[in-house]
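Welcome, and thanks for stopping by this report. Take a look at the sequence and the model below, and then we can walk through some of its features together.

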Amino acid sequence: MKVLVKNAALFDGENEALRHDCSLLVEDGVITKIYQYEAVLEDVDQTIDAAGYTVIPGLIDAHTHIALSDSFDKIDLMTQEEVAVRSTVIAKEMLERGFTSVRDVGSNCYGLKQSIDNGFVPGPRIYPSYAGISQTCGHADYRQNRAQRSNFNRGIEDSSFMRQGHLILADGVPECLKRTRDQIFKGASQIKVFGGGGASSLFDPLDTIQYTRDELRAIVETVTNYGSYVCSHIHAQPAMKIAIEEGVKSLEHATFMDDEVASMCLDNDVWVVPQYATAELIANRMIPLGSEILYQKTERVGKGLLKQAELVDKYGLKCAFGTDLVGTPEVHAKQNMEFSARKKYFGSFRGIKQATSDTGELLKMSGLLDPYPEAKLGVLCPGAFADMLFVKGNPVADLDILANPDNIKVVMKGGAVFKDIRE
Ligand SMILES: [Zn+2]
């Protein structure tokens, strides 16, 4: 199947200047040639005219929970089938918002991913972590209340939510090894651990350090031996130091960073994956959490992120785009608001680069476990997946344009058009 996209004003994901009047030849889902003029090719199956639009790489979100379509307590009451069916709605709408690839950092999206990759349902490419790995009493010990926790002796997955495979508990080196290998066996492209306290959990203080060095080291060694990397949920400064020293390569949230941690990130090629808009939305009570404790924790995170953004900027840290939305389709619909936050902190060009080529580079760190090794992500060049968007206006000059998904007129993934709302 050959597709020609012509008359493109092209943002390639890396260079700020647009290239005008480009034609992109797509063969079997991959870009094979870019002509710097209007190419006239006879033997193509489909020609798509991009005149009047900026063509940009498909967006990438490095911190999703794509199979979580409601709050944790509500999912706890659902059957696995209900969770799976609902996740297809989240995935379809995510693709329509322009996200052609996502990294999932904790949700059982196994069936969803197979169904998307087989063409049964529309959705982004998924780099799955499957069950996020947490210590008992850690951030992802989501047994919903102390009563469930008191039933611990009956088994470590003693809540429907955890039995569904979104999160898993592991304590001690042997269990950490087993749970890590279980996720790799399932097809995880990287492993997600919870290395410190969190804002969306009731019982663990934000400042806690979770997992001992021995446990963390065992997980990192296992994943590194398989050619991939570990990402860790972390807010507290001391937990970040330990994570970097033990070989974690992607710090999720990385909220209470200081100069010391920032320079450690720089020296060790460690990525940070903050979510600026989500913290703002929660602080403004625009995402329901159901507990005042959780709002207070998140407000503290929001304040910490202000300083963190300054450090990311000052040290020029590798910073990926991520949103961390958990909830109904209405909650997930706020995904693109992160673009306005990134514009505020980093400017439009750096913000869009974070959501395209930068996050593409992070996802490719899955190495031997990369589920889509055939082509490049987050860029538009020969040898890249034909994942591209036609946007009304130039988001490289004004990133607020991407905050409104209605400005994304065409979504193409792997050379196939999944959304076309051009007038
Ligand atoms: Zn998360």
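## The largest pocket

The lining of the largest pocket has 20 nonpolar, 21 polar and eight charged residues. In this count, Ala, Val, Leu, Ile, Met, Phe, Trp, Tyr, Cys and Pro are nonpolar, Asp, Glu, Lys and Arg are charged, and the others, Gly among them, are polar. The space in this pocket comes to about 930 Å³. Of the 49 residues that line it, Phe72, Tyr142, Ser200, Leu289 and Val326 are the closest to its centre. The elements that give two or more residues to this lining are α1 (72–75), β11 (191–194), α10 (276–283) and α11 (292–315). With four residues, α11 gives the most.

A pocket is an open set of points on a 1 Å grid over the protein atoms alone, where a 1.4 Å probe fits and protein lies on both sides within 12 Å along at least five of seven lines; lining residues have an atom within 4 Å of a point. Grid points are joined across faces, edges and corners, and the volume is the space filled by probe spheres set on the points. Helices (H or I, at least four residues) and strands (E, at least two) are DSSP runs, numbered from the N terminus.

## How to read the model

This is a predicted model, in which local features need pLDDT of at least 70 and side-chain atom pairs count only at pLDDT 80 or more, while totals for chains, interfaces and linings use all residues. Residues are numbered from 1 along each chain as its sequence is written, and side-chain values use heavy atoms, with hydrogens and water left out.

## The second largest pocket

The second largest pocket has a volume of about 160 Å³. Its lining is made up of Ile116, Asp117, Gly119, Val121, Pro122, Arg125, Tyr372, Lys413 and Phe418. By class, that is five nonpolar, one polar and three charged residues.

## Helix α13 and its neighbours

Helix α13 (residues 338–346) and helix α14 (residues 348–363) have axes that come within 7 Å and cross at roughly 130°. That makes α13 oblique to α14, because angles under 35 degrees count as roughly parallel, over 145 as roughly antiparallel, 65 to 115 as roughly perpendicular and the rest as oblique. Axes are lines fitted to C-alpha atoms, for helices over the stretch in contact, with angles from 0 to 180 degrees between N-to-C directions. Phe339, Arg342, Lys343 and Phe346 in α13 meet Ser348, Arg350, Gly351, Gln354 and Ala355 in α14 (contact means heavy atoms within 4.5 Å). These residues divide into three nonpolar, three polar and three charged.

What about α10 and α13? Their axes come within 8 Å and cross at roughly 110°, which makes α10 roughly perpendicular to α13. Here Tyr276, Ala277, Thr278 and Glu280 in α10 meet Glu338, Ala341, Arg342, Lys344, Tyr345 and Phe346 in α13. This contact has five nonpolar, one polar and four charged residues.

## Two backbone details

Most residues other than glycine have a negative phi. Asp21, in strand β2 (residues 19–27), has a positive phi of about 55°. Asp324, found in the loop between α11 and α12 (329–332), has a positive phi near 60°.
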